[in-house]
Structure formats: structure tokens, C-alpha cells
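Please keep the sequence and the model in view while reading.

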Amino acid sequence: MSISNSVVEQLLATCADWRPQMYFKSSLTALSHAMEDLVLNDSDTPLVVASFQRERFYRQEAHRYKRISHKTDQVYVLAAPETDFSNSSTDYERVAFEASDALAQEWHLVIIGEHYASCLICREKNVPVSKQDNKISIDSNRRFEGIWTFDRQVTISAANIMLDRIGIYRPELESKLNLARQLYLSDTETLNPGIPIDSPLTNPDPFVQRLVTYLQASQYKLLKANKSLAAKQQKEQLLNSVTDAVRRSLNIKQILQVAVQKLGEGIGVCRCIVYRCHEEDTTATVDREFISPGIKSVRGHQWQLVNNPLFEEAISTRETISIDNVSEDKRINELALEKGTGEFFLNIIQNYSISSWLLVPIFYHGRLLGDIEIHHCETEPIAWKKEDVGLVDAIATQVGVALIQAEAYADLEDLNEQLEALDRTRSNLVAIVGHELRTPLSTIQVCLESLASEPDMPPELSQIMLDTALGDAERMRNLVQDFLTLSRLEGGAVEWNLETLSITECIDLAVSNAKARNEGSSFPNIQNLTTPQDLPFIQVDGEWLVEVLAKLLDNACKFTQADGEIAIAVKTNGGKVLEVTVSDTGRGIETGSLETVFDRFYQEEGALRRSAGGTGLGLAICRQIVKNWGGEIWAESPGKDQGSVFHFTIPIRAINYKSQQSKPKNNQLADKSKKINKK
Ligand code: ADP
């Protein structure tokens, strides 16, 4: 059985002069206890009707109703069952109603005796629960609206409504209910013989009302204090959890993501972003963000920092910039008039619906590491609360510490890698020195000793001895030379002389040098496929460009049989880079080694079983040089004995006409390429 009519509304309809009042839950508890105590402490045998919203609330008071039932047999307790509450007549009348019944939202207590009459007829109000309310405050936050009075007429009306309802839920009680009506709900005068009309029991209003007002006021204060304590505690918890999470990671990206996520969720904002930047940066890219559902993402967007007064102000004051209402902010309104920066601001404000803005710089020991921004994106702007700004400041400080910690760790890892690389170099060097230097050195020694100890040696043999000694001395010289070159490149000890060059001239020179170096021995044909007319000039250090070409061509000659083919070509790739390729039909490279060939001292057959000569440093040198001008170098090969192709790129930069005029001539380059080998 479920009735949808509200008892409060029914009662108010019968008592036209009465206005409902608001009561906190704790006040109602106090009032009902006081009313129940009245019953327990008086000699009267009253009618008692109590309606609880749910069984669990009744359970808390069940012992009182057992005691009340010893005083009178006209006790009715109503509740929506949750476990085992049901219609029954043990001790007192239990009346069960369904959870969908209007009574499930209401709280009623009616007592009518000879000496007193009082009723409390209330309905729960839906109070919006804010995110910051914790469990305890949610309960004390519950509010009810209705009537509480000692007025006998109103109480009789309330009792009438309640008894009628009980009759609907439990029709079998009709005769008992009729008796109650007869005993308690007839004329006031006859029911109160001897009780003066202004007795505190019949007219307690002035005193009790004041008491209730006090109770209500203190309850309200308590609620507020509770709320602010809970909010404070929640902020502390948020700060601790962000600190804990960001300090736990040494990964910068993770630190930033955790910070925005926790901060955004914790203070319930529309958008929270973070980007890394330094004071002198002109732009920054939004790295990480938190967005509430339905809010547009700004991740990956470029933020303008140069001529950005908000950014400049945050840097100079080292403080958070807080804008409550973007459309009324003086700085932004002045900016809007400026070309460039103004457009940028208007654009992002409109595109990303920013109505209130918080910009928090992340500093560590005076060094700017980035910014956290919080955007409110609803039409109605909000005023940033001082405690929220303080919280974001505190979180920014923690993020700063975590970032520095992560940077230090990354530096340490870099250093470690460098040390490991150095260690590898050292071991390789030992192997190389063991073989590359000692073997030719012993050969030279044997040859020279033989020449010295055998003055009668036939001239052809002494010539062979001399040639062998000279050849090995040359190998040693190359190794030492390459090793020094690589050390200078890696150590940043090279001075780069940028000049405007024609790539075709450099290639011509490198090809003719390679042919000259191989003169007298059989080597594959080198085809120069470059066509000068369409190629733009480039700005690189010519000496080093020729060096890269020379090393690639020498390798191609070395690893290709004499009847094979070598080709050198160049093309503009996407208009931004020149791509040079040196391809051969030689022994090729296994797929798994295409990257390792660029490692220092890498040689397919290993340093100790070298057949083709070389130092194993050539490609490592090429990579360092190409890296320096911002290009890339890589190898491709279909596999063993199927030839290889080496590619490298050179960025094309805008060159004015004047510099094109001063392009160097072939012979100038030739001089320069000689110089490299002397260094
Ligand atoms: P090296 O002095 O040994 O030539 P590099 O660094 O120039 O040293 O080359 C490293 C290794 O890469 C070579 O020993 C060889 O195994 C492989 N390599 C380089 N160029 C080619 C090529 N054109 N064809 C096949 N293998 C090559």
C-alpha cells in the first residue's frame, strides 16, 4: 500500500493560518525526544502516533516506544520496512508502508493526552550536497520543513490525518482507531478539565520557541564550522596526495599529468593545464591537461609567452595571477586592443570559453620551470577563493621540487649512459689498440729490423719490406686520425664554419677524390647522378660535408667488388631538406645491423678478423657531423650481398642572393678537405 499525498500538505490545507518552518535534523531529534519524555514522565495515558521515514530510524528509538507502550495501549508506530519491520500488534501497533509512500519523506510525531497535546509534522527538504560535504556533515545538513506545536486543535487535525491513514494501511484496526478518535479527538474543552488555558503545557510557545531558535542557531553554526573544517581537511589531504604522488615519480611527464589530474579533480575545475617553459621562451606547448566532461581540450596548443603581460607579471612578481572575470579584467581588455598578442588572447578566451583564469608559475630557487593554469569555462564567471589559490600555489611549489628531482635524475642517467659509453669506448680501444696498433707495429718492426740486419737483401725484397712498413704505418695513422676526429666531434671541440655551398660541387669533389685515392687498384665504377640546376644552395661547413661524402664513398668502394656499381644522387625532399644517397651493389648489410653500423668501432667481421681494413669509426664520425647541421643519416639494405644505400639529409635554409654570390669554388673546397685530415 502506498499513498502519495503528503501529510504536511494535508495538515497545512486544514490549518490555513499556519506557515511551515525549517528544522535541522538534530533539532527534530531533540524535539521528538522532549515530546516522548513528556509522555514517559506524566501520569497521562495518551494517544501516540510516530511515523519514521525508514525502519533504521525507528530501530534507534524502539526501546523508547516499548517503554511508552507500558503507559498507554494507543501507540502506533509507522515505518518503511528495511529488514523485518512489518504490520504487527505486539506491545504496540506497527504499521508498515512502502518506500514509495509519501510518508517515506516525512517525520511525524503526534501525542494527545489529557494534560497535553503536541505534534511535529515535517517533510524532508532536498538540500543540494556539495562535493566538499563529508559524510558527517551530510547527515547534519539534512533539513525538514513543517509544523511543530503544542496547539491542541492543530494536533487533533494531525492525529485525525494519521489515524485515517493507519485505517487504510491496517483496516483490521478500525474499531481501535475509532476508540482513539472518541477518546482523544473530541472537543478540547471536555478533554482538558482543570488545565488552565495559559498553562505552559497548553501554551508553551514563547519559552520553547526561543529555546528552539537557540538550538537551531547553534546547530547552524556547528554545521558551518564543520563544513569549513571538512573543506580545510580535504585541501590538506589533496595537497598531501599530490605531493606524495609527484614526489614518488622521477618521470617528468608522469609528474605533470598526476599534478593536473589530482588538482583538477580535487578542486573541481573545468580545465587545469600545465606546460614547461623558461623565462626567455617565446612560446610553450600545453603538455598535460585535466578537463571536465564537455570541456574542450587545449592539449598540444601553442601558448604565446612573448609580449604576454600575464606571463610577464607572473615572472616579475613571482606570484599567481588570479582573474575572476576575464571580460572585466583591465589587463585583458587593454591587451585586446593590441595586434598579435591581443588576438591570441581573444582567440583562446573565445575558443576555449575561459570566463575565470588562474595562472600559477612554477618556480624552484628563482628558476622558472613552467606554469599551471586553471580555467573556469562556464558563462557565469567565479571568484577564486583565497584558500583555493593558496592550495594551487602550494601544489605548484611541490611540482617544482618534483620536477627538479626528476631533472637531476635524468641528468644522472645521462651521465651514467655517457660513462657507460666511455667505458665501452675504452674496452673497444683496448681491443683496437691490441690488434690495430700492435699488429702493424710488429709488422713495421719486423720489416725495419730485417732491412737493418740484412744489408744484402735483394732490392725487390727490401722494396716489399719498405712498402709493407709504410702501408701499416698509414693504417695506424688513419686510426689515430679517426679516433681524434671523433673525440673532437663528440667533445664539441670543432669550430663549424658555415658557408653557402653548392651540393653538386661538393659531390664532384668527393667523387674525384675517391677515384684519386683508389687509383692504381681496381675499384667499382662510381656514377654521379646529380643534376645541379634544380638544387638549392645549402649552408653547412663544406669541409665536413666533403668528409661525410668521402667516408661513404670509401666504404662503398671497400665493400663492393670491382665489377660492381656505386651511385651518388641527391634530391630535394619535401622542400625542407636535401637528401643525398650513396648506393652500391656490394656485400650489403643484415637488417639487424642497419643501426649498429653507426656504433663506434662496429665492424661486421669484428675488429680482429678485418679483411677490408678501416677503423670502424667512419660512420660514427659521419653521424656526428650530420647531427651537427640538424640532419639525419641512416642505412638501408635488402640484405646480405644485395648492396646497401646510405642516406643523409641537410636542411635547406633561406639564403639571400648576396651569400649565393660568395659561394666557394671547387679548389677552395679541395683545400679545405685536405685540411680536415691534417687536423
Ligand atoms: P670501417 O672503417 O670499418 O669502414 P665504418 O664505421 O665506416 O668503419 O663502417 C662500419 C661497418 O659498417 C663496416 O665495417 C661494415 O661492416 C659496415 N659498412 C659500412 N659501409 C658499408 C657498405 N657500403 N656496405 C656494406 N657494409 C658497410
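## Arg318

Arg318 counts as partly exposed, with a relative accessibility of 42%, where buried means under 20% relative accessible area, exposed over 50%, and partly exposed in between, computed with a 1.4 Å probe on protein chains only. The residue sits in the loop between helix H10 (309–317) and strand E12 (321–323); helices (H or I, at least four residues) and strands (E, at least two) are DSSP runs, numbered from the N terminus. Although Arg318 is not a glycine, its phi is positive, at about 60°. Most residues other than glycine have a negative phi.

## Ser353

A positive phi also occurs at Ser353, a residue other than glycine, with a value near 45°. Ser353 belongs to the loop between helix H12 (341–351) and strand E13 (356–364), and its relative accessible area of 40% makes it partly exposed.

## The whole protein

The protein contains 19 helices and 21 strands, and of its 679 residues 47% are buried. Among contacts (heavy atoms within 4.5 Å) between residues at least 6 apart in sequence, 71% join residues at least 24 apart.

The accessible surface comes to about 34700 Å², and 52% of it belongs to carbon and sulfur atoms; accessible areas come from the Shrake-Rupley method with a 1.4 Å probe, and for residues only the protein chains shown count as cover.

## Basis of the values

This is a predicted model, in which local features need pLDDT of at least 70 and side-chain atom pairs count only at pLDDT 80 or more, whereas totals for chains, interfaces and linings use all residues. Residues are numbered from 1 along each chain as its sequence is written, and side-chain values use heavy atoms, with hydrogens and water left out.
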